[in-house]
Amino acid sequence: MSVYARLVQLGYQGVEAGIYPDRQIYKKIRDAADGLVIAMLAEVERQTRRRPELAQGRSDTRNWKLGDPELMHELRRAALHLEDFGRLPVPPPGVIDPTGDPLLRDAFREAGPGKLSHLIRHAESSGIYVPLMFPRAFWMEEPGLSVGSAPGLLLETEKLAGILANEEPSSPWLEAADFLSGIREACKASVATGLTVELYYEKGISSAGEV
């Protein structure tokens, strides 16, 4: 498991000293890990008005290759159209820039909590999803981290996942459907294990790795 994965793991018992031969390096990383988790939990508590309950999870290195992170914009556009009009948007993916869709532009600009927060207000190729329920995804200035709720994302995308699952193999929505299926599987694993999902971009492919 990477050092970064240890920094974002919830319900952890602290950074393991044994993997750091240098005591000063270990202390620096441990303090950073503790500070990050405390700050993250403080924001969740602020949103929910109750102390988050954590479950200690075992280390896990499963990985889901999702595809082009730009597909997240197509999923956002599709989810908004499904919610407002009861159907997938026209034209389909690959025809227009999805970020130019008026519904998506308005959702990005909303000052309030907004709808579909964990899908729309989260970074598409970086950041984490944690196994805690809270209303709105948020950004931590230090260390520059986008944080969303794994169970929240599952709830927000349940209807969209059902619609996309019924698309034909030749559908232009197929890549977006595969992307959504992958990130939902990662978030389901997060909820089941109490571990955090990290989104990252590597060699042109966005992946969600459960850590």
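Visitor: Leaving aside neighbours within four places in sequence, which residues is Ser-149 in contact with?
Guide: This is a predicted model. In it, Ser-149 is in contact with His-118, Tyr-129, Val-130, Leu-132, Met-133 and Phe-134, leaving aside its neighbours within four places in sequence.

Visitor: Where is the place of Ser-149?
Guide: Ser-149 is in strand β4, residues 145-149.

Visitor: Does Ser-149 count as buried or exposed, and why?
Guide: Ser-149 counts as buried because its relative accessibility is 0%.

Visitor: On to helices. At what angle do the axes of α3 and α6 cross?
Guide: Roughly 100 degrees. The axes come within 10 Å. Here α3 covers residues 71-85 and α6 covers residues 150-165.

Visitor: What does that make α3 and α6 to each other, parallel or perpendicular?
Guide: Angles of 65 to 115 degrees count as roughly perpendicular, and α3 and α6 are therefore roughly perpendicular to each other.

Visitor: Which residues meet there, α3 with α6?
Guide: From α3 there are Leu-75, Ala-78, Ala-79 and Leu-82. They meet Lys-159, Leu-160, Ile-163 and Leu-164 in α6. The residues of this contact divide into seven nonpolar, one charged and no polar.

Visitor: New topic: α7. How many residues, and what should they span?
Guide: Helix α7 has 20 residues, 174-193. At 1.5 Å a residue, α7 should span 28 Å. The end C-alpha atoms of α7 are 29 Å apart, which agrees.

Visitor: Which residues in α7 are buried?
Guide: Among them are Ala-176, Phe-179, Leu-180, Ile-183, Arg-184 and Cys-187.

Visitor: And what follows α7?
Guide: Gly-194 does. The phi of Gly-194 is positive, near 80 degrees.

Methods
Residues are numbered from 1 along each chain as its sequence is written. This is a predicted model: local features need pLDDT of at least 70, side-chain atom pairs count only at pLDDT 80 or more; totals for chains, interfaces and linings use all residues. Side-chain values use heavy atoms; hydrogens and water are left out. Axes are lines fitted to C-alpha atoms, for helices over the stretch in contact, and angles run from 0 to 180 degrees between N-to-C directions. Helices (H or I, at least four residues) and strands (E, at least two) are DSSP runs, numbered from the N terminus. Angles under 35 degrees count as roughly parallel, over 145 as roughly antiparallel, 65 to 115 as roughly perpendicular and the rest as oblique. Contact means heavy atoms within 4.5 Å. Ala, Val, Leu, Ile, Met, Phe, Trp, Tyr, Cys and Pro count as nonpolar, Asp, Glu, Lys and Arg as charged, and the others, Gly among them, as polar. Buried means under 20% relative accessible area, exposed over 50%, partly exposed in between (1.4 Å probe, protein chains only). The expected span of a helix is 1.5 Å times one less than its number of residues.
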